[in-house]
Amino acid sequence: MTRPQQITVLGATGSIGLSTLDVIARHPERYQVFALSGHSRLAELEALCLIYRPRFAVVADARSASHLQHGLHAAGLATRVLSGEQGLCEVAGHPEVDAVMAAIVGAAGLKPTLAAVEAGKKVLLANKEALVMSGALFIQAVRHSGAVLLPIDSEHNAIFQCLPGDYGRGLQQVGVRRIMLTASGGPFRETPLEQLAEVSPEQACAHPNWSMGRKISVDSASMMNKGLELIEACWLFDARPEQVEVVIHPQSVIHSLVDYVDGSVLAQLGNPDMRTPISHALAWPQRIDSGVAPLDLFAVARLDFQAPDEQRFPCLRLARQAAEAGGTAPAMLNAANEVAVAAFLERRVRFPEIAGIIDQVLNTEPVVAVESLETVLAADQQARQLASQWLSRRG
């Protein structure tokens, strides 16, 4: 009997991490948890360690690591607790690890995800910022190491399922005309424009279809999430920005589509549950039970589509512009957005100001070619400083 695959889950206490663990728990003969990371959610991470008994756990800093280590030792667990970026990179690239779920939100997930790629792992990519910030370097590392990169975003996973296996030859060579990314439109799809300045963080986080963390929920409400996915799709599938079209589909049943030159359009459908793409990537090229209920088309009854309004969703326009500019523009876009969203969640700025802050940063800092990871990180840091300066001037 073959040994269970050893899985590292980066961002285990978040929604993607928990869904991953749910799928793993359904197949104990196939998968075993090797390492879990949880940043600052110590109580939640300790509870997960007691269930899954990983070899390693990773938290934000040495003090938190000492606290968690004491608790796990008292419970009789042999789990070793590491801390910081170095600890994340260690469990991502460990020789005994077969697959890594990269589900740390934001720029913090970049280096550990790259560590998994450079170690030639099967990488389940839920951290979109890794590709948004350093797409060229990231894809180059994948090709050099022989890592297997499988997208977890429901949209990119849907595209992956709808493309032929040899799409790496080039979209034109395999007859693809365009990729269509679906978007729910979030909670403000029909909110009168004049009311957007008054919406609260709680309203922005109340997604109509998906259960997600606060930052990604705000990104969905502004459609920056879709803008980042557009950039990510260009790198994942070697597409030009004009080959990727965003379509608002409120039901979130069609997760994305691929349009072929012969007039065929292939779509992947399913209930809005992240366990579907997670189980697909975990078992690829096989299929396993995810725990997701079968899609009831009679209950869905209708599928609606509409074009996104860039006046309502300026973040989508800014993301497309960054994709077209290339270089460090996507990294600056992402960094400015992280600062702006954090400020909105802290009630320091109004919802429409998120796009305004990003626009300011992109128009202030020149775009340069990405030649190294240091270039990316410097652009990220500069964009954060510019966004923070704008906030401080605003008072």
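In this predicted model, helix H9 (residues 214–222) packs with helix H10 (residues 224–236) at an angle of about 90 degrees, the two axes lying 5 Å apart. Because angles of 65 to 115 degrees count as roughly perpendicular, H9 is roughly perpendicular to H10. On the side of H9 the contact is made by Ile216, Asp219, Ser220 and Ser222, and on the side of H10 by Met224, Asn225 and Leu228. Sorted by class, the contact of H9 with H10 has 3 nonpolar, 3 polar and 1 charged residues.

Side chains of opposite charge can pair when their charged atoms come close. The structure holds 24 salt bridges, and one of them joins the side chains of arginine 275 and aspartate 22, at 3.1 Å from N to O. Arginine 275 belongs to helix H11 (residues 275–283) and aspartate 22 to helix H1 (residues 15–25), so this pair ties together parts that are 253 residues apart in sequence. Arginine 275 is buried, with a relative accessible area of 15%, while aspartate 22 counts as partly exposed at 27% relative accessibility.

Another salt bridge brings together the side chains of glutamate 242 and arginine 240, at 2.7 Å from N to O; here glutamate 242 counts as exposed at 55% relative accessibility, and arginine 240 is partly exposed, with a relative accessible area of 46%. Arginine 348, in turn, forms a salt bridge with glutamate 346, their closest N and O atoms being 3.3 Å apart, and arginine 348 counts as partly exposed at 43% relative accessibility.

Notes: Residues numbered from 1 in each chain as written. Predicted model: local features only at pLDDT ≥ 70, side-chain atom pairs only at ≥ 80, totals over all residues. Heavy atoms only, no water. Axes fitted to C-alpha atoms, helices over the stretch in contact; angles between N-to-C directions. Helix = DSSP H or I, 4+ residues; strand = E, 2+ residues; numbered from the N terminus. Parallel < 35°, antiparallel > 145°, perpendicular 65-115°, else oblique. Contact = heavy atoms within 4.5 Å. Nonpolar A, V, L, I, M, F, W, Y, C, P; charged D, E, K, R; others polar. Salt bridge = Lys/Arg side-chain N within 4 Å of Asp/Glu carboxyl O. Buried < 20%, exposed > 50% of the residue type's maximum accessible area, 1.4 Å probe, protein only.
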